[in-house]
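Thank you all for coming; I would like to walk you through one structure this morning. Please bring up the sequence and the model, and we will go through them together.

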Amino acid sequence: MAPYWTVAAWTLLAASTFFICWCEAARTSDSSRGEQGASSVERVKRGWVWNQFFVVEEYTGTEPLYVGKIHTDSDEGEGAIKYTISGEGAGSIFIIDELTGDIHAMERLDREEKAFYTLRAQARDRLSNDPLEPESEFVIKVQDINDSEPKFSEGPYIGSVAELSPIGTSVLKITASDADDPSYGSSARVVYSVLDGEKFFTVGRHTGIIMTAVADLDRETQDRYELVVKATDMAGQMGGLSGSTTVTIVITDVNDNPPRFPQKMYQFTVSEGAAIGTPVGRVIATDADMGENTDMSYLIQEGGELFRVTTDATTQEAVVSIKKPLDFESKRTHNVVVEAVNKHLDPRFVDLGSFRDQTIVRVSVSDVDEPPLFQPADGTVMEVQEDAKVGALVGVVTARDPDVKNKPVRFSIDHSTDWDMIFQINPDSGAITLEKILDREAAGWHNITVKAVEADNHTMASHSAVSIRILDVNDNPPELASPYEVFICEDAMPGQIIHTVSVVDKDEPQSGHHFYFTLAPEASGNRHFDLWDVQDTTAGIRTQRSGFNRHEQNVYFLPILVGDSGPPSLSSTGTLTIHICGCDTAGTIQSCNATAYVMSAALSPGALIALLVCMLILIVLVLLILTLKRHRKGQRMAEDEEDMRDNVIKYNDEGGGEQDTQAYDMSALRNLYDFPESKSAAASADSVPEIHTLPQWFQANRLAGGAAESCSAADFSLFKGYIRKKVEQADADLSVPPYDSFQTYAFEGTSSPALSLSSIHTLSTTSDQDFSYLSDWGPRFRQLAGYYAPGKPDEDGS
């Protein structure tokens, strides 16, 4: 009975504490309105004051739980007033005694499902059911007890922390919620603790933050931990409820391990003839870390002259390859020191040691038969004088066999680089000599390729480029740059420079060009012009008299002698043509010997431009017309090419035979070769032999000597003449189509020199077969029996 009395005590406390009393209505009068003569106004106040009711949750008693009582002071206990309630749970969860106003809870309440209920109370006259007071609202709150354990709504949890993290490093935060009322008592006050894994991790008692408990977490040793964390309400006091969850903590990697080579030495073999870039071998260093912390690069600390190392980004292997050609005869073994270094170093762990490791890669070079080596290997430059004679020595190339000393080598010139066969090489000594005369002005350089092979193995060959420079000799005299023509005015002044001439020389002396200008000996008596040597490969022409008369002489020829500095010094003579012209007062040339060289000044630049534009338009129109004509001609040719085709007409309908007179006119077919001549071919008909019908021709021959003899003696010229005649008629007929027409007529004719293939002609009087039984087969075979009756062969079967 102890629990029942405890609950009863709570109920009585609630009833005594939150009792609701009714108050009488107060009436007041307004004195100021009374002074004004107005009647007094009464204000009726509400007759009850409402407070909250409380009811404990999870009530387990057998009787209805008393909640509280409503009462009005106008109730004199005579039962004239009826109390009613409405709202949430009225009539089902909560009921009221109409006479006393006592409210009871009929069901077991759960605060976690619904914390309060809102209802309305009403006092009515029992007889008239009229409300005595306005309806008022009140609240029944459900009082909490500790009946809900903490729950982890987001569990299980997964967190991570870097290895070697210091003690107290935060990993993650977990949160448990309690459905009890946090504002009442300690039912919802939660504390946390670690049940399993407390050796490595701790949890904040009130915060739920999980932290590291040790500083030596090593991912390489253990990469994850499973924790069990408990949450307890009532602040961890005795009798509190609890819940637990699982927390998985993953240890992430840091770069705390250096790379290590599994071996301290690796051995590889490579041929000395291997090309540059050929991989020799692969080595790899291992790293206990993971992810980008295992990324490493490889370096060569020793032996980098002949080898290089690269890193395979996919496999993280060191690839050792050839950097320069190897020579078995020079060195047969190479030791290469390869070092592995981490790319992403963590400065926090530098004190753990050096994050690099080394290994030795021993490379053995194997011998191969190598082609001869030229000296120098990068080619040879030779020089020869331009005037060298045929057979002169240009230079000598040398090559040796790297495998055997003093082994003979044979030389030759690649003729694809010396098409004109200007040079020749001695196959034994490598001496290059001239085969033809050189001309530096035609080609200043000759680039040839020399081939060297082993004397006993021509497959071992090598090539070397030989550049031959042709040294210049002075074998070309200087010449005037162009055939100069000069136009001067009649009133030219003495000493006036009328023109400047320059010269060209095909030679290229090493000291540079230096030319000398003088008048030719035949112009030594010239009194009209003189020559002024400017000393810079040019010379000026000056007048020596004042004024010229073009009517007396309009053209002067001035021979100029030009010489170079040699050696030997060469010279040539060029002629300068000087025209005397009439000029206006401004010095503009008007005419030279009655020929206008400059247009009239009255023609403005705008007129010149307009004239040029008109000429351009005419040229464009002419080009357009020619293009259109060519385009149309191409279209017509394309159409003609489309119409040119072969038209083969074949008549392969055999028809009903000679007895079928409805389908074919047999007389026309028998006279197939009697064609009427066209009017256009009448003139040439006399030259063509007369053509008979084929049946008449065969009958005539048959009368002359029998079918067999006529077949052997047939004159096929008749057919040739017939075909020629038809071709001439077709060529003369303008109505035939513009393409070939091939027609085939398969009419055999009235007879044929060849024997018939009909089964009727297979009858022979010498046959011992008896066909008399055919008469017994009926009327349909009577005619056939007549053909094969003994002694009556049909000689005329067709």
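This is a predicted model: local features need pLDDT of at least 70, side-chain atom pairs count only at pLDDT 80 or more; totals for chains, interfaces and linings use all residues.

Residues are numbered from 1 along each chain as its sequence is written, and side-chain values use heavy atoms, with hydrogens and water left out.

A461 lies in strand β30, residues 457-471; helices (H or I, at least four residues) and strands (E, at least two) are DSSP runs, numbered from the N terminus. Leaving aside residues up to four places away in sequence, A461 touches P371, P372, K451, A452 and V453, a contact being heavy atoms within 4.5 Å. A461 and E370 are 91 residues apart in sequence, yet their C-alpha atoms are 8.5 Å apart in space.

For the chain as a whole, there are 8 helices and 42 strands, and buried residues make up 33% of its 798 residues. Of the contacts with a separation of 6 or more, 66% are between residues 24 or more positions apart.

Now to the interior. A nonpolar core is a set of buried Ala, Val, Leu, Ile, Met, Phe, Trp, Tyr and Cys residues joined through side-chain atoms within 4.5 Å. The largest one here has 23 residues, of which F261, V280, Y298 and V338 touch the most other members. The elements giving two or more residues to this core are β15 (265-271), β16 (279-283), β17 (296-302), β18 (307-311), β19 (318-322), β20 (333-342) and β21 (356-366). Y298 has a list of contacts beyond four places in sequence that includes F261, V283, V309, A318 and V338.

Next, a sheet further along the chain. Which strands form the open sheet, and in what order? There are 4 of them, in the order β31-β33-β36-β35, with antiparallel pairing; two strands pair if DSSP finds at least two bridges between them. β31 (479-480) and β35 (529-533) stand at the edges with a single partner strand each, so one side of each has no neighbour in the sheet. Even so, 4 of the 5 residues of β35 are buried, so this strand is largely enclosed by the rest of the structure. β35 pairs with β36, residues 538-543, over 5 bridges in the antiparallel sense, and in that pairing W532 stands opposite G540, while L531 stands opposite I541. The two strands form a hairpin with 4 residues between them, and Q535 in the turn has a positive phi of about 70 degrees.

On to the cysteines. With a disulfide taken as a pair of cysteine sulfur atoms within 2.5 Å, the count comes to 2. C489 and C583 form one of them, with sulfur atoms 2.0 Å apart; this pair links distant parts of the chain, C489 in β32 (485-489) and C583 in β38 (571-583), 94 residues apart. The torsion about their S-S bond is about -95 degrees, so this disulfide is left-handed. C489 counts as buried at 15% relative accessibility, whereas C583, at 24%, counts as partly exposed. A disulfide also joins C581 to C592, S to S 1.5 Å, and with 100 degrees about the S-S bond that link is right-handed. Both C581 and C592 are buried. Numbering the bonded cysteines in sequence order, the pairing is 1-3, 2-4.

Finally, a helix. In α7, L718, G721, Y722, K725 and Q729 are buried. They cover an arc of only 100 degrees around the axis, which puts them on the same side of α7, the arc being that of the directions from the helix axis to the C-beta atoms. On the other side of α7, K720, I723 and D731 are exposed.

Terms used
Buried means under 20% relative accessible area, exposed over 50%, partly exposed in between (1.4 Å probe, protein chains only).
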